[in-house]
Amino acid sequence: MKMNKISLFFVLLCLFQISKLGFFVEGSVHKASNKRHGFISVASFGAVGDGKTDDTKAFLNAWKAVCKGASRGKTQLLVPLEKTFMLNPLTFEGPCKSSSIAFLIRGNLVAPGYTWHAGNHPAWISFDSINGLVITGGGTIDGRGSVWWRNVQHRPTAMHFNNCNGLHISNIRHLNSPRNHISLSCSENISVSGLNMTAPGDSPNTDGIDISNCRGVDIRDSLISTGDDCIAINRGSSYINITGIYCGPGHGISVGSLGENGYFSAVEEVRVKNCTLSNTMNGVRIKTFQNGSGFARKISFEDIKMVASENPIIIEQNYHDRGKNGEVSFEYSNSQSCHVNRFYQTLSGGGSGNGRGVKVSDVRYSRIHGSSASSEAITMNCDAGLGCVDIVMDHVNIVSAKSGRKVSASCKNVHGKYFDSLISCQRKH
């Protein structure tokens, strides 16, 4: 009996040692895998993450190691969980050696608690000329915009992505930008999803996502609650898909403004689908300046729910913007060097328009329903010379948000038709 116990003890001991060996082998393989395909933490380059120390230099050094290949094959830059990193304005530049670089934001990034000269630094965080860039991680980006909103004329955007083809942004919380939260320019094949963007409803010009000179952009399944356009699609942009967005408060989803300062502006192939706009100043909007030129065409708004939107459907072909006050913009600054919009540059003859207006055509509104906070649910103010052509209303059913009230539609110089819609000012098909 005693011998059996001793034998059993040695058997268990051997199994335990084998088990330890297995864990050791597995751990070694895991570590080797991380070495080949792992990440570099900004903490390894001296980032403190206490929310007060300036960690800008540490981030740039970590980026250089990942981007330029000094990290021995590691292509993921980690912002650690439960840390808050204060960054001054900085630019992460490419091109990088790897075809894909991941920026894993698991902790928090915060801007300085003071203003700077936005003419020198028009963006807080910039990414330039980086293909295959992935921004994700579930962390938070806080632009601390409140120090800018008080009487500062020129305000920076929080994040600017320029010439970043194949960009993927997902699973990020973004707060309180000084101006627009994300600017996308001069890039192709972009996907954005799972964002939560918030700023006070009265914060000035805090657009969620601004797009200019981009082709092939997919934005989906995000909540955007800001003080201006949830999404704005600007000049030189085409093949834009927007799906599953909850917008509000804010100024809705806009094409434009186009043609500012006499510029040629072109936007086409835009599809907005399955979105909810709640308590917004505007719903779905197209806005163009009278003295510009170009076109906005092949645009559809489908399956849109309005919840007490102030102006659910708007086309304004004689737009005047009194609220921007000389804001710094990326829309025109890099358009001439942008490879994406060369076709539109050819059409424009170099950038300036002919001053005859931006043509609006081939716009379809399908299955738009919900409520309007104003008595005029549809406003289409088109230019007497150009007019808006081929505008289709199909199952547009908007009622008043106020019990017992009626809503109306106003159309000037609009050419199109409507199907099965409760209100319209067009010819019934």
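Me: What percentage of the 429 residues of the protein chain count as buried?
Reply: This is a predicted model. A residue counts as buried under 20% relative accessible area. Of the 429 residues in the chain, the share that passes is 52%.

Me: How many strands does the protein chain have?
Reply: Helices and strands both occur in the chain. The helices number four. The strands number 29.

Me: Among contacts between residues at least 6 apart in sequence, what percentage join residues at least 24 apart?
Reply: Start with contacts in the protein chain between residues at least 6 apart in sequence. Then keep those that join residues at least 24 apart. That share is 78%.

Me: Which strands stand at the edges of the open sheet of 11 strands?
Reply: The order is β5-β8-β11-β13-β15-β17-β19-β21-β23-β25-β27, and the pairing is parallel. An edge strand here has a single partner strand, so one of its sides is left without a neighbour in the sheet. From one strand to the next, the twist averages 15 degrees. The edge strands are β5 (90–93) and β27 (408–412).

Me: Which residue of β23 is the bridge partner of Val284?
Reply: Strand β21 covers residues 284–288 and runs parallel to β23. Four bridges join β21 and β23. In β23, the partner of Val284 is Ile313.

Me: Which side chain of opposite charge is nearest to Glu316?
Reply: Glu316 is found in strand β23, residues 313–316. Glu316 touches Ile286, Lys287, Thr288 and Asn381, leaving aside residues up to four places away in sequence. Glu316 is buried yet has no salt bridge. At 8.2 Å, the nearest side chain of opposite charge is Lys412.

Me: Is Ser374 buried or exposed?
Reply: Ser374 is found in the loop between β24 (357–372) and β25 (376–381). Its relative accessibility is 16%. Buried means under 20%. Therefore Ser374 counts as buried.

Me: The backbone oxygen of which residue lies 2.3 Å from a polar atom of the side chain of Ser374?
Reply: Leaving aside residues up to four places away in sequence, Ser374 touches Ser309, Glu310, Asn311 and Val407. The backbone oxygen of Glu376 lies 3.2 Å from a polar atom of the Ser374 side chain. The backbone oxygen at 2.3 Å belongs to Glu310.

Conventions. Residues are numbered from 1 along each chain as its sequence is written. This is a predicted model: local features need pLDDT of at least 70, side-chain atom pairs count only at pLDDT 80 or more; totals for chains, interfaces and linings use all residues. Side-chain values use heavy atoms; hydrogens and water are left out. Helices (H or I, at least four residues) and strands (E, at least two) are DSSP runs, numbered from the N terminus. Buried means under 20% relative accessible area, exposed over 50%, partly exposed in between (1.4 Å probe, protein chains only). Lys and Arg count as positive and Asp and Glu as negative; His and the chain ends are not counted. A salt bridge is a side-chain nitrogen of Lys or Arg within 4 Å of a carboxyl oxygen of Asp or Glu. Contact means heavy atoms within 4.5 Å. A polar contact is a pair of N or O atoms within 3.5 Å; within protein, one must be able to donate a hydrogen and the other to accept it, and residues adjacent in sequence count only if both atoms are side-chain atoms. Two strands pair if DSSP finds at least two bridges between them. Axes are lines fitted to C-alpha atoms, for helices over the stretch in contact, and angles run from 0 to 180 degrees between N-to-C directions.
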